[in-house]
Amino acid sequence: MTKWVYTFGDGQAEGRADDRSLLGGKGANLAEMCRLGLPVPPGFTITTDACNAFYAAGRSYPETLGKQVEEALKHLEGVTGRRFGDPSRLLLVSVRSGARASMPGMMDTVLNLGLNDLTVEALAADSGDERFAFDSYRRFIQMYSDVVLGVDHEAFEEILEDEKAQRGLELDTELSAEDWKAIIALYKARIEDELGQPFPQDPEQQLWGAIGAVFSSWMNARAITYRRLHDIPESWGTAVNVQAMVFGNMGETSATGVAFTRNPSTGERALYGEFLVNAQGEDVVAGIRTPQNITEVARIEAGSDRPSLEKIMPEAFASFVAISEKLEKHYRDMQDLEFTIERGKLWMLQTRSGKRTAKAALKIAVEMASEGLITHEEAVSRIDPASLDQLLHPTIDPKAAREVIAVGLPASPGAATGEIVFSSQEAEDMKAIGKKVILVRVETSPEDIHGMHAAEGILTTRGGMTSHAAVVARGMGKPCVSGAGSMRVDYRSGTLMVMGATFHKGDVITIDGGSGQVLKGKVAMLQPELSGDFAAVMEWADKMRRMKVRTNAETPADARMARSFGAEGIGLCRTEHMFFEGERILAMREMILSDAEAGRRAALAKLLPMQRSDFIELFEIMAGLPVTIRLLDPPLHEFLPKSDKEIDEVAAVMNVSANALRRRTETLHEFNPMLGHRGCRLAISYPEIAEMQARAIFEAAIEAGLRTGRPVVPEVMVPLVGLKKELDFIKARIDAVATEVMAEKGVTIQYLTGTMIELPRAAVRAHVIAETAEFFSFGTNDLTQTAFGISRDDASTFLETYRQKGIIEQDPFVTLDREGVGELVKMAAEKGRATRPEIKLGICGEHGGDPASIHFCQEVGLDYVSCSPYRVPIARLAAAQAAIVGRG
């Protein structure tokens, strides 16, 4: 028979801390605290398996659950010497949720269960405090009606506020027992009026109603949203914890509170928390009364004149301090604690690893390692790599008010405020006069690169997490919100319309790239800061990881930034981004418009010194570290003007006919450019482009090597190869240019020629392609597109629906699809190594900065990951954690 219920209490427990997947975090830790001999109100836990069985059976309980709950209640009665529903020896219980992962405030709780019109009188007699008894009863009615019966808690708050106002009172604590009796009568009348039946008086009916409500709360809207945001699987389910009630609202010698064993904001080693005298748990978090500080030090720092727990209940405080220290040492982590003091006696209601900021996480990990509480490996494993974004970008002050006008995808972290502009030229013009702007576009293209660089942040109405805007913004370290589909942008009128409001060019907005929110006006920010703790953890991580971490960079600023964050080379230099500025775009357009090879070579000759100069600077910054340069990838039409106005302007500058330019643009138009004339296909059609780029690379490598004294070994990467013959054709041109340049310069250098694996055919034929390729770099952005047959720029319109309906768990453009795309990567790696055992393998798609994807790269034995500069620390930490997991 399946065991659905586990008991705990009186120093004994059927479960333990290791059982969190079965008992939930709360239930497992209650059991563990019992085993440690700490004062825990006895109770029992209904397992997460029971929750899953409940949903599998169409919200019906497992057949044997009722009997097991009945036996657990008898056990609880035996431990407490009280009886559930018996006024002569009254036992009241709390019913709380408890998922495997902490989900604070997301699911439902019911306190004081078992009270009714009879037992409230027994509680009054038992406690000797009639006011306390009826206060507890009204709390129970209010909470149970909201959580179980579906009567909005605001209905009760209105009654309560009206009654206090009529009596000229402000605080709940000023109401007498008679006042509470009158309010309870009004509560019950409201319930009967709304539901057509009276408030339930049967304690057993109340209990099962609460158990069902907790199970049901696993699928409430806020819990579903929280799980989605924190990647918590629906299949985990929640446990239900039923515990004997202890009361913090039994007068001036009773209290309730929450505390952390260290400061969750700063990581400081000091007890941090709040409490309320004569209150129950929800009062502390509800904000109805101002909580008091637990310690005298905290009270003095806060400038509070309300006494601390240390002052007014010194014995309970001393017990709490001792238990806090014991729990932190036992769990070897900062703990988040809930407690109640009933008539001077301390009871522990919960312990769990506390949520903390990235800054606090680093400090706590480093200090606990120095205290000998945890190892360096454990310290590194404790830090969530994604949380490091908090340290690398400005973020919105948590205390700031937010007026949210739209929500899109959190495409690039950080926050930015600025005036709205609708074109890249406007962004550049405004920056030139010292204005801060947010570039608002329907979607961005490579031609927007200068405007994106000038803007503080980027906002688009279309596009996903790996759209052009998202990828480029992350590379630049700029905040970006993409795919904000509720917004309408009208370039002609210069307006942004959303939620019935219209915003014009020059209006100020704020974007939060961490949450995807678009906010009205200027919002207060917190500036990033890197601490010595950050450096210590990174140093430990670097010693533990196997994979190297490179960066995706093509500008000197990005390369320097990446080096400062610890990048060990460049894994992807997108050369096309170098062609969109000033004279370069003119020379590029001249090359594209030329009908004959001679004309194209003349235009490319103008680009050669510019490319060479770019590469020299990158090689010098990287000082002998590997640099992978991808030959031109996008289709040529991306470099040409789009609108009639732009065509006229470009034609005038180039001294060609606007009609000729328009015809050439139309000739190059493709219905599906992502699968069109791009990548290696361009180099085969126009070998002179690849030859110019190869010459620029080799001349720059020789020059940079002479300047720095460190030999440069460039890695020339041919994109979009699907056939070995494609790579053979282009490699022959690259080798010929290399031979020429080395002969001209009288210098011999080493270089590698390889390819991006971004087509399923390339993965399948990797063993053949590896006969020519000296390295593979997995371009997982395009590999995901081609494997799924999904355009990453359009996917945001339906992938979130797929997630919500359980068809996919993760956006495959954010976290690598292990089962499909991952299999292609694994296959290509194995086939490539079979042909060329020493082949270098890396990943340069956006997945190279995603912690879960980095774990996959470790598993399949890639040599390096490459990511945008601001994700380099994240990748370093994630690579170390993957190595730790791999060692087992």
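Modeller: In this predicted model, two bridges connect strand 1, residues 5–9, with strand 2, and these two strands run antiparallel. Within that pairing, G9 lies opposite Q12 of strand 2. Helix 8, residues 203–217, packs on the sheet, where it touches strand 3 (43–46), strand 6 (93–99), strand 7 and strand 8 (238–244). The direction of helix 8 makes about 145 degrees with that of strand 8.

The sheet as a whole is open and has 6 strands, in the order 2-1-3-8-6-7, with antiparallel pairing. Strand 2 (12–13) and strand 7 (109–113) each have a single partner strand, so they stand at the edges and one side of each has no neighbour in the sheet.

The nonpolar cores come next. The largest nonpolar core holds 115 residues, and the members that touch the most others are F615, F619, F698, I734, F776 and F778. Leaving aside neighbours within four places in sequence, F619 is in contact with residues including G624, V627, I629, I697 and P714. A second, separate core has 66 residues, among them L73, L113, L207 and V242. In soluble globular proteins, nonpolar side chains tend to be buried together.

Among the buried residues of helix 22 are R584, I585, M588 and L593. The cover over the buried residues of helix 22 includes helix 23 (597–622), helix 24 (644–654), helix 25 (658–668) and helix 27 (687–708).

Key: Residues numbered from 1 in each chain as written. Predicted model: local features only at pLDDT ≥ 70, side-chain atom pairs only at ≥ 80, totals over all residues. Heavy atoms only, no water. Buried < 20%, exposed > 50% of the residue type's maximum accessible area, 1.4 Å probe, protein only. Helix = DSSP H or I, 4+ residues; strand = E, 2+ residues; numbered from the N terminus. Contact = heavy atoms within 4.5 Å. Pairing = 2+ DSSP bridges. Axes fitted to C-alpha atoms, helices over the stretch in contact; angles between N-to-C directions. Core = buried A, V, L, I, M, F, W, Y, C linked by side-chain atoms within 4.5 Å.
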